[in-house]
Amino acid sequence: MRAHSKVKKHQSKITLKENLGYGIGDFASNLIYASISAFITYFYTDIVGGISAGIIGTIMFASRLLDGFTDIGMGIITDKTKSKYGKARCWIFWLTIPFALSTILVFTVPDLNLIGKIIYIVVTYNLFNLIYTGINVPYGVLNSLITRHQFSRSMLNIYRMACAVIGTVLVTGLTIPITNLFGGSQRGWIITYVFYSVISMIAFFITFKTTKERVRQPKRKKDVPLRQGFKALFRNKYWIILVMFLVVSFTLIGLASAINVYYAHIILKDSSLVGVLGVALNIPQLLGLFLMPKLIAHVGKRNTMIIGIIISLLGSIPMIIDPTSITFIVIGLFVRGFGFASVVGSQFAMIADTIEYGEWKTGIRTEGLTYSAGSFGTKAGNGLAIALVGWILSLTHYSGGSSHQPDTAAVGICFMFIYLPIILSTIQVILLLFYRVDKIYPRIINDLLKRREK
């Protein structure tokens, strides 16, 4: 009973203000990161021009893989950080302005020859990813430092993902109209991302001011050696399952963002519909997120996710029936998005749960390393998604900037929009069948609290 009351104490400290304050950090992230994932390939191939989709896909994939390894480095740094603001919040404070500046640099590609443009893209895109890692890894770790209570973590994550979806909806629906308002040229894109960057800075400062780190490391004589930390990490079987899940999940998320602009332009014959597609996919995620807390309380995060993924698979049926009908596509995306809310709302909270499992299993607690190595999966998945779009467009002979595309390009776009998500969602369900932390989590927390009392 005593251990249980301690967990309840952690839960009672999480106010609406702090839930919203934490959540708005992912609004700040997705205002930039989600929009770059959605439009960067299109921006480089059709706005900057002169660079093939295959080259861009390869750059994106290599950059995201490198970024995944920097995640691990940032996780190690976060674990060792000691400041008056804590170990995670301080990085949000320190890197907010550099993050905004690096975003603007991504879109200010100078008028150079092909090699010059490629070098500029590689340097500025990797600089952006490096700074994003520096702010995003500590932001993710912050969830596990605010509270130990499993349901409270789920609520933090639900607020986080609700704010992330709002950010995604806004940039998906507004980016093309805003850039067109300023002429649709590269200048219009630069102005748009200056605007986004300012809003992102304000939102990150709100997260910094409204959150508090409460969970403390168990007292130990010295820091855990890196080799010992990695050894403990790979004894955490549920963390390994979630890393694989996150690779698949963020391939799916990245694909859903990056392919919309091409599907609207080539299959639906109307580029302005990209906003409609984004809203149709993301608004139902918000509805699903509001329903999730009760479902999680009854059946747990894993089962909630499996139910949601099955629902999302049903959304593919209208798309298969008529892939050129905007009505059928919107219906399919609505169902797909509603079902996918379960994944969006739970996957990061599950990473936080594996931190407790890892400490329970091995006696070693490394929030930063566990989260950042898990974050490697998100970067690898997102990079793979953007790369797949570039590679498949190249293989199917898509020509950037041209209004006339071969039939092979249309086939490739349809495959990525409709059928590849079906394959990825099926893999997700299979992986989740092996994840069983929910059942033993109360025992894990009680055992850990008893250890601390000794």
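Tutor: A crossing is called left-handed if the near helix is turned anticlockwise from the far one by less than a right angle, and right-handed if it is turned clockwise. Please bear in mind that this is a predicted model.

Student: Which hand does the crossing of α10 and α11 have?

Tutor: The crossing of α10 and α11 is right-handed. Helix α10 covers residues 260–267, and its axis packs against that of α11 at an angle of about 130°, with the axes 8 Å apart.

Student: How are α10 and α11 oriented to each other, then?

Tutor: They are therefore oblique to each other.

Student: Which residues meet there?

Tutor: From α10, Asn-260, Val-261, Tyr-263 and Ala-264 meet Val-274, Leu-277 and Gly-278 of α11. The contact of α10 with α11 comprises 5 nonpolar and 2 polar residues, with no charged ones.

Student: Now α4 and α5. At what angle do they cross?

Tutor: Helix α4, residues 89–107, and α5 cross at roughly 155°, and their axes come within 9 Å. That angle makes α4 roughly antiparallel to α5. The crossing of α4 and α5 is left-handed.

Student: What makes the contact between α4 and α5?

Tutor: On the α4 side, the contact residues include Trp-91, Ile-92, Leu-95, Phe-99 and Val-106. On the α5 side, they include Tyr-120, Phe-128, Ile-131, Tyr-132 and Leu-142. By class, the contact of α4 with α5 divides into 17 nonpolar, 5 polar and 1 charged.

Student: And how do α5 and α6 pack?

Tutor: Their axes are 9 Å apart, at an angle of about 145°. The crossing of α5 and α6 is right-handed. Asn-136, Tyr-139, Gly-140, Asn-143, Ser-144 and Ile-146 of α5 make the contact with Arg-153, Leu-156, Asn-157 and Arg-160 of α6.

Student: What classes of residue are in the contact of α5 with α6?

Tutor: The contact of α5 with α6 has 3 nonpolar, 5 polar and 2 charged residues.

Student: Changing topic: how many cavities of 30 Å³ or more does the structure hold?

Tutor: There are 5 cavities of 30 Å³ or more. The largest cavity contains about 670 Å³ of space. It is lined by 42 residues, and those closest to its centre are Phe-250, Ile-253, Ser-257, Phe-340 and Val-344.

Student: Which helices supply the lining of the largest cavity?

Tutor: Those that each supply at least two residues include α2 (16–48), α5 (114–146), α9 (237–258), α11 (274–314) and α13 (326–362). By class, the lining of the largest cavity has 23 nonpolar, 15 polar and 4 charged residues.

Student: What volume does the largest pocket have?

Tutor: The largest pocket has a volume of about 510 Å³. Its lining consists of 23 residues, with Gln-150, Asp-438, Lys-439, Tyr-441 and Pro-442 nearest the centre.

Student: Which elements give two or more residues to the lining of the largest pocket?

Tutor: They are α1 (2–12), α6, α11 and α16 (437–453).

Student: Last one: how does the lining of the largest pocket divide by class?

Tutor: The lining of the largest pocket divides into 10 nonpolar, 7 polar and 6 charged residues.

Note on methods
Residues are numbered from 1 along each chain as its sequence is written. This is a predicted model: local features need pLDDT of at least 70, side-chain atom pairs count only at pLDDT 80 or more; totals for chains, interfaces and linings use all residues. Side-chain values use heavy atoms; hydrogens and water are left out. On a 1 Å grid over the protein atoms alone, a cavity is a set of points where a 1.4 Å probe fits but cannot get out, and a pocket is an open set with protein on both sides within 12 Å along at least five of seven lines; lining residues have an atom within 4 Å of a point. Grid points are joined across faces, edges and corners, and a volume is the space filled by probe spheres set on the points. Helices (H or I, at least four residues) and strands (E, at least two) are DSSP runs, numbered from the N terminus. Ala, Val, Leu, Ile, Met, Phe, Trp, Tyr, Cys and Pro count as nonpolar, Asp, Glu, Lys and Arg as charged, and the others, Gly among them, as polar. Axes are lines fitted to C-alpha atoms, for helices over the stretch in contact, and angles run from 0 to 180 degrees between N-to-C directions. Angles under 35 degrees count as roughly parallel, over 145 as roughly antiparallel, 65 to 115 as roughly perpendicular and the rest as oblique. Contact means heavy atoms within 4.5 Å.
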